[in-house]
Amino acid sequence: MSLIEQSGSYTLGAQQVHRLGYGAMQLAGPGVFGPPKDRDAAIAVLREAVASGVNHIDTSDFYGPHITNQLIREALAPYPDNLVIVTKVGAVRGDDASWNPAFSPEALTRAVHDNLRNLGRDVLDVVNLRAMFDVHGPAEGSIEGPLSVLAGLQQQGLIRHIGLSNVTPTQVAQGQEICRIVCVQNQYNVAHRTDDALIDDLARQGIAYVPFFPLGGFSPLQSSILSEAAAQIGATPMQTALAWLLRRSPNILLIPGTSSVVHLRENLAAASLHLPDTVLQALDGIVSGKAE
């Protein structure tokens, strides 16, 4: 069994993917804006990921904007048959690198065509609608209008599957009344566990959950606990955080991002990491403040 196969697999849309994937967000320039400092290094990371068995890549045409999708096309096209590329729409970048909502039918349709063109695809594997009622996290608001636009584009054959990002459980339920939802992508990690109940509910339905920011939102104390746990097992904090997520639920798919081949290899090595009960107890206690 290869290293990445040790992470297991799960259904995403119509395909089985390894549970350890790759997020392309960090391939753009600082602030996810403009070109990378080293284009050749970015190309090398993408090719190394696929060569290592990664078959789930997360991206968006508003990364850069356009930069990461163009890099993916340059590095990987023609694409392997088993590669699932997940993109997202619902935002545009301002000239000042701001993140702005783009929910109108015209903006969403343009975004889908931009993704198709820059990725060099005739159809997009999965398109996530990113809710932008609050840039910093999920906030209530109806997604019926924009999601119906994506469902229409799906009926036209431009999108195979649809997911949601930065959403509340209420919005997930609303979305499922409009079309089939194959994944939900929200912030979640060992210290930020608002979505615990949602993850379990999606698992019962066979729907993938894709957490981002595996080390985001940690307090100094929580970071210290994670670092101590990682030291106990001879791993990095990132590897330990990823291994915990793999243990958390079988429907969790990981998309850690990096612009470094060395860090990519470290992230993928989390698939083989064993977490002893004492380490799991410490990590599980982070969020409740009961960790020792």
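**Charge, overall form and nonpolar cores of the predicted chain**

The chain carries 19 positive and 27 negative side chains, and the centres of these two sets are 3 Å apart. The structure described here is a predicted model, and every value reported below was computed from it.

The secondary structure of the chain comprises 10 helices and 11 strands. Along the principal axes, the C-alpha atoms occupy a box of roughly 55 × 40 × 40 Å. Of the contacts between residues at least 6 apart in sequence, 74% link residues at least 24 apart.

Burial and surface were examined next. Of the 292 residues, 54% count as buried.

The largest nonpolar core contains 76 residues, and the members that touch the most others within it are Tyr22, Leu46, Ile72, Val112, Leu150 and Leu283. Helix α8, which spans residues 237-248, gives the most to this core, supplying 6 residues. Another core, of 12 residues, lies apart from the largest one; Val84, Val86, Val126 and Ala208 are among its members.

The surroundings of Leu150 illustrate how residues are brought together in the fold. When residues up to four places away in sequence are not counted, Leu150 touches Val89, Val112, Val127, Leu129, Ile159 and Ile162. Of these partners, Val112 is itself listed with Leu150 among the residues that touch the most other members of the largest core.

Conventions:
Residues are numbered from 1 along each chain as its sequence is written. This is a predicted model: local features need pLDDT of at least 70, side-chain atom pairs count only at pLDDT 80 or more; totals for chains, interfaces and linings use all residues. Side-chain values use heavy atoms; hydrogens and water are left out. Helices (H or I, at least four residues) and strands (E, at least two) are DSSP runs, numbered from the N terminus. Buried means under 20% relative accessible area, exposed over 50%, partly exposed in between (1.4 Å probe, protein chains only). Contact means heavy atoms within 4.5 Å. Lys and Arg count as positive and Asp and Glu as negative; His and the chain ends are not counted. The place of a charge is taken as NZ of Lys, CZ of Arg, CG of Asp or CD of Glu. A nonpolar core is a set of buried Ala, Val, Leu, Ile, Met, Phe, Trp, Tyr and Cys residues joined through side-chain atoms within 4.5 Å.
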